[in-house]
Amino acid sequence: MIKNILHIIIFIFCTTSCTNQRGNENLESQIDLLTSNNDSLTKLLSHKKTEKNYWFEDEYDGSRFIEAGISNPSTFITYNLRNKTELIPLKATLGGTMRFGKIQLLSNEWLIADFDDGHVLGKAIYQYRLTENSELQFELLSFNVPE
């Protein structure tokens with residue numbers, strides 16, 4: 001009887017330790033994949049920071065922002081739009097979440113942005129303005145969804 005109990009305990013120990021080992025290997029491979037993705041995204045973002053915007057010049061088009069104490073107008077504008085996903089004219093589908101992708105400032109009052117949820121995508125043109133209390137107001141002018 002004691003031998004049988006001992007065999008059962010050894011069997012349980014072996015099966016649970018093997019399962020944990022496989023689980024740990026799976027977690028380690030997921031961590032490696034996420035680390036690789038993070039490195040790729042970091043590289044992509046650092047490359048994007050060096051791109052010059054043909055349509056918007058912080059010193060010229062963003063002069064009103066600079067006068068209001070905002071040192072980097074283009075970053076300020078894109079950050080504010082990214083945090084206003086309710087301005088996206090389409091609703092997410094299939095459990096996705098609508099987010100802005102690339103945002104291109106076109107002038108001191110217009111920008112174009114693409115958006116998607118992983119399933120549905122589109123582009124929109126917004127008008128923006130800086131209020132007296134240094135807040136941004138956006139207005140959707142037009143949007144397009146590929147057929």
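A: Glu132 is exposed, with a relative accessible area of 75%, where exposed stands for over 50%, buried for under 20% and partly exposed for what lies in between (1.4 Å probe, protein chains only). The model is a predicted one, in which local features need pLDDT of at least 70 and side-chain atom pairs count only at pLDDT 80 or more, while totals for chains, interfaces and linings use all residues. Residues are numbered from 1 along each chain as its sequence is written, and side-chain values use heavy atoms, with hydrogens and water left out.

Glu132 forms a salt bridge with Arg64, their closest N and O atoms being 3.6 Å apart; the term requires a side-chain nitrogen of Lys or Arg within 4 Å of a carboxyl oxygen of Asp or Glu. Because Glu132 lies in the loop between S3 and S4 and Arg64 in helix H3 (residues 63–67), the pair ties together parts that are 68 residues apart in sequence. Helices (H or I, at least four residues) and strands (E, at least two) are DSSP runs, numbered from the N terminus. Arg64 is partly exposed, with a relative accessible area of 42%. By this rule there are 2 salt bridges, and Glu57 and Lys52 also form one, at 2.6 Å from N to O. There, Lys52 is exposed at 64% relative accessible area and Glu57 is partly exposed at 30%.

The loop that carries Glu132 belongs to the hairpin of S3 and S4, which has 5 residues between its strands and in which Ser134 takes a positive phi near 60 degrees. Strand S3 (residues 121–130) and strand S4 (residues 136–144) run antiparallel and are joined by 8 bridges, pairing being assigned if DSSP finds at least two bridges between two strands.

The loop between S2 and S3 holds Asp117, which is buried yet has no salt bridge, the nearest side chain of opposite charge, Arg99, being 9.1 Å away. For charge, Lys and Arg count as positive and Asp and Glu as negative, with His and the chain ends not counted. The Asp117 side chain reaches the backbone nitrogen of His119 at 2.7 Å and that of Val120 at 2.7 Å. Leaving aside neighbours within four places in sequence, Asp117 is in contact with Ala92, Thr93, Gly96, Thr97 and Met98.

Along the sequence, the protein follows the pattern α-α-α-α-β-β-β-β, and buried residues make up 20% of its 147 residues.

Definitions and conventions
A polar contact is a pair of N or O atoms within 3.5 Å; within protein, one must be able to donate a hydrogen and the other to accept it, and residues adjacent in sequence count only if both atoms are side-chain atoms. Contact means heavy atoms within 4.5 Å.
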